[in-house]
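Here are my notes for your first look at this model. Please keep the 3D view open and find each residue as we come to it.

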Amino acid sequence: MIEVRGISKRYGDLQAVDNLSITIEKGHIFGLLGPNGAGKSTTISMMCGLISPDMGTVQLNGEKPTDKATKHKIGLIPQSIALYEELSALDNLSFFADLYGLSAKTKIERMEWSLQFVGLQDRAKDTVSEYSGGMKRRLNLAASLLHDPDFIFMDEPTAGVDPQSRNKLFESVLELKDLGKTIIYTTHYMEEAEKLCDRVGVVDKGQLLALGTVDELIEQHGGHSSVNIRSEHGDESFMTANPVNDLMERLKGMNTVENLSLRRPNLETVFLNLTGKQLRD
Ligand SMILES: Nc1ncnc2c1ncn2[C@@H]1O[C@H](COP(=O)(O)OP(=O)(O)OP(=O)(O)O)[C@@H](O)[C@H]1O
């Protein structure tokens, strides 16, 4: 379990994170969503002990993330790819395995497992500079899993990734959840959060604006459905909390319906309602 209590971080005049509290259950995938500069990376960095909060506390299974034993339970997939381009995938993993201090036997086992896990076993001897952006992302993930961490922090792991690698990454995230890992996932893509996350937090200007399951957030912040009917009376559009009933009622007076569209609120609507900002990659 991860318990974040009132963490804040200021850079000069800028309050990057402002009194943020979240609890994340073991085995959950938690999505941290927010526009550019909202404070997601700063929050993740405090959660995994890379930077210390000015105020507040973070506990991973009751321990500080900077605690030596707890550090070994953390896997971080940073936003920018952290690999040696001129080395092969195997040599990269070997380097990171040595940093984690794995024994020779464990190192070989974990390197094999990690490569298999991200589907790169056939390209293990290739130089990373020959990899596509998606393959680099997958190798980045493999490197962060070598020491079999319990808490996995993924900072925009699908940025600039082709659809095939993106799907492979989704599968990998869900497999990690099945293995009982706790995953914190930041993304700009709402459909990823809808597909993957047990719970979601929306942040902007360093503050947590909403927290809950996707359904809860849509219920609380999604607003009404929008309906459009084109009939012999022309176009009619309306917003409603009860689309099925309202639609049935309106259709009664119509003979020819040429077109009918119903748009229910989704996570994107929630995001726009809360932050007023369009998402950008
Ligand atoms: N080391 C730093 N020094 C000064 N300002 C910083 C530093 N790190 C982050 N910031 C600022 O803090 C704010 C939050 O940044 P952060 O990277 O946490 O946001 P983010 O939500 O991860 O954004 P993005 O989606 O663009 O990665 C931004 O305004 C950023 O410019």
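Let us begin with a term: helices (H or I, at least four residues) and strands (E, at least two) are DSSP runs, numbered from the N terminus. This is a predicted model, in which local features need pLDDT of at least 70 and side-chain atom pairs count only at pLDDT 80 or more, while totals for chains, interfaces and linings use all residues. Residues are numbered from 1 along each chain as its sequence is written, and side-chain values use heavy atoms, with hydrogens and water left out.

1. **Threonine 240.** Please start with strand E11 (residues 234-240), where you will find threonine 240. Is threonine 240 buried or exposed? It counts as buried, because its relative accessibility is 3%; buried means under 20% relative accessible area, exposed over 50%, and partly exposed in between (1.4 Å probe, protein chains only). Beyond residues up to four places away in sequence, threonine 240 touches His224, Ser225, Val227 and Asp246, where contact means heavy atoms within 4.5 Å. Its side chain also reaches the backbone nitrogen of asparagine 242 at 2.8 Å. That is a polar contact: a pair of N or O atoms within 3.5 Å, where within protein one must be able to donate a hydrogen and the other to accept it, and residues adjacent in sequence count only if both atoms are side-chain atoms.

2. **The whole chain.** Now zoom out. The protein chain has 10 helices and 12 strands, and its C-alpha atoms fill a box of roughly 75 × 45 × 35 Å along the principal axes. Of its 281 residues, 46% are buried. Among contacts with a separation of 6 or more, 65% join residues 24 or more positions apart.

3. **Two domains.** The chain is divided into domain 1 (2-218) and domain 2 (226-264), with bounds that come from an automatic or database domain assignment. Taken over C-alpha atoms, the centres of domain 1 and domain 2 are 44 Å apart.

4. **The ligand shell.** How many residues surround the ligand? There are 14, and the closest are Gly37, Gly39, Lys40, Ser41 and Thr42; a residue is near a molecule if one of its heavy atoms lies within 4 Å of it. The shell divides into 5 nonpolar, 7 polar and 2 charged residues. Here Ala, Val, Leu, Ile, Met, Phe, Trp, Tyr, Cys and Pro count as nonpolar, Asp, Glu, Lys and Arg as charged, and the others, Gly among them, as polar. Helix H1 gives the most to this shell, with 3 residues.

5. **Ligand oxygens.** A backbone N or O atom of glycine 39 lies 2.9 Å from a ligand oxygen. In the side chain of glutamine 79, an N or O atom is 3.1 Å from an oxygen of the ligand, and for the side chain of glutamate 156 the distance is 3.2 Å. Taken alone, the ligand exposes 630 Å², of which the protein buries 61%; such areas come from the Shrake-Rupley method with a 1.4 Å probe, and for residues only the protein chains shown count as cover.

6. **Two positive phi values.** Glutamate 156 lies in the loop between E6 and helix H6 (163-178) and has a positive phi of about 50° although it is not a glycine. With a relative accessible area of 10%, glutamate 156 is buried. Asparagine 61, in the loop between strand E4 (55-60) and helix H2 (68-71), has a positive phi near 50° and is also a residue other than glycine. Asparagine 61 counts as partly exposed because its relative accessibility is 47%.

7. **Histidine 147.** Between H5 and strand E6 (151-155) there is a loop that holds histidine 147. Which backbone oxygen does the side chain of histidine 147 reach? It reaches that of isoleucine 74, at 2.7 Å. Histidine 147 counts as buried, because its relative accessibility is 11%. Leaving out residues up to four places away in sequence, histidine 147 touches His72, Ile74, Gly75, Tyr100 and Leu102.
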